[in-house]
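User: I am new to this structure and would like to learn how to read some of its features. Please take them one at a time.

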Amino acid sequence: MGIENMKMPQLGESVTEGTISKWLVSPGDTVNKYDPIAEVQTDKVNAEVPSSFTGTIKELIAEEGDTLEVGEMICSIEVEGAGSAPSEEAPKEEKKETAETADEKPSAAPAKNPAPKKEAGNKARYSPAVLKLSQDHDIDLNQVDGTGNGGRITRKDLKKIIESGNIPKAADAPAAPQTEAPAPQQTPVKEQAQLTAAQKQAAPAPNVPVMPGDIEIPVTGIRKAIASNMVRSKHEAPHAWTMMEVDVTNLVEYRNTLKTEFKQREGFNLTFFAFFVKAVSQALKEFPQINSMWAGDKIIQKKDINISIAVATDDALFVPVIKTADEKTIKGIAREITDLAGKVRSGKLKSEDMQGGTFTVNNTGSFGSVQSMGIINYPQAAILQVESIVKRPVVMNNGMIAVRDMVNLCLSLDHRVLDGLVCGRFLQRIKEILENTSKENTSVY
């Protein structure tokens, strides 16, 4: 028998962490390979994590509500025949660990409470949940011995300390020896950024007074994930906004003449949104700069045009993807919109349904909005809000006033990637396509 460790999987493109929302197993349970063992929520999807091994659950390293980075241990499984590495390698690892530990110790006497074992390059790393709990209760993590894998400090460790009332403070730590100061260690820029992001996520909650009659609603894992992604997008991407007014009178008349027969023939609705998604995908093909992503030292211009569409439930927002939308007809797009929305609302959306998006179109007009400024779906470069179609008096080219069906298209853009000129031309092209949509010019098949 041997022990195998299960790690937090990557459940979507650009997903860097996940939250254990529910364990489906307990220590001592027997599982087969591919059996679901936990429900994990990310900013993109809520999915079941399958076991990578057949065996017995040994330990649940992460607790429900813990947020862990991709690749971090979530549980250990006792597997028959595992852990049979050559015996001579064990002493090598032990010697290496001893040497690394010795390097960490100062020349003076060791501290009374040794620091927890370090992970990944001898640098302590804590989950956002552990950081938040330690900050809320002013716990000095350097004085806490972790019981998790590799000496990792878990929420369970901190809860025991809090319940005991013996909370180690930074001021209680032994003074550093004055005779010899350790050389300062430089933290890599990437790790500094990760730590800063974790600290921001773990910032203490505002002290909001709860009055009689107020209702406290716990924040779910998916809501935390949405909040984290929105904060990241607003913090990293310099947002700019632009809006264009479009006359869709001909489009409205064309769709209204088709919708009844289309529903009878195809079995699903021909929505206005399908026309907008088709127009956007066509314009993206002509303006590929918009179909890009920021990658630090370069901009990645994506070949495929995969449209993310925002689908909301009562308590969450999902962004499933219409793959290669530019190659699909309006009918094909309408079918995918119906299928993806149905999966979201029935809880059957899979992680692959959420991956590969290059540009987002949000149907904010479905609930009556006429103007909005969307937050970009990180790491994409832009998001388009399609507002409500409303009848308004419009001055025509001949100077006459007529009642027309008008819609506002609101574009949020990442100004690191895109400038106003290309975005203005992009919106103008969408406007041109939509205003020329009619029975004579457009086929839905």
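User: Is Cys410 buried or exposed?

Analyst: Burial is judged by relative accessible area: under 20% is buried, over 50% is exposed, and partly exposed lies in between, with a 1.4 Å probe and protein chains only. Cys410 has a relative accessible area of 4%, so Cys410 is buried. Cys75 is buried because its relative accessibility is 0%.

User: What should I know about the model and its numbering?

Analyst: This is a predicted model, in which local features need pLDDT of at least 70 and side-chain atom pairs count only at pLDDT 80 or more, while totals for chains, interfaces and linings use all residues. Residues are numbered from 1 along each chain as its sequence is written, and side-chain values use heavy atoms, leaving out hydrogens and water.

User: How many disulfides does a search of the whole structure find?

Analyst: A disulfide is a covalent bond between the sulfur atoms of two cysteines. The test is a pair of cysteine sulfur atoms within 2.5 Å. Searching the whole structure gives zero disulfides.

User: How many aromatic pairs does the structure hold?

Analyst: Rings of Phe, Tyr and Trp (its six-membered ring) pair if their centres lie within 6.5 Å; planes under 30 degrees apart are stacked, over 60 edge-to-face, and the rest tilted. The structure holds four such pairs. One of them is Phe262 with Phe268, edge-to-face at 5.4 Å centre to centre and 85 degrees between the planes.

User: Which parts of the chain does the pair of Phe359 and Phe426 link?

Analyst: Helices (H or I, at least four residues) and strands (E, at least two) are DSSP runs, numbered from the N terminus. Phe359 and Phe426 form an edge-to-face pair, 5.8 Å centre to centre with 70 degrees between the planes. The pair links distant parts of the chain, 67 residues apart: Phe359 is in strand 16 (residues 359-362) and Phe426 in helix 9 (residues 420-435). Both Phe359 and Phe426 are buried.

User: What is the strand order of the open sheet of four strands?

Analyst: Strands of a sheet pair through backbone hydrogen bonds, either parallel or antiparallel. Pairing requires that DSSP finds at least two bridges between two strands. Here the order is 5-4-2-7, with antiparallel pairing. Strand 5 (46-50) and strand 7 (67-69) are the edge strands, each pairing on one side only. Strand 2 (residues 17-23) is joined to strand 7 by three bridges; Gly18 has Leu68 of strand 7 as its bridge partner.
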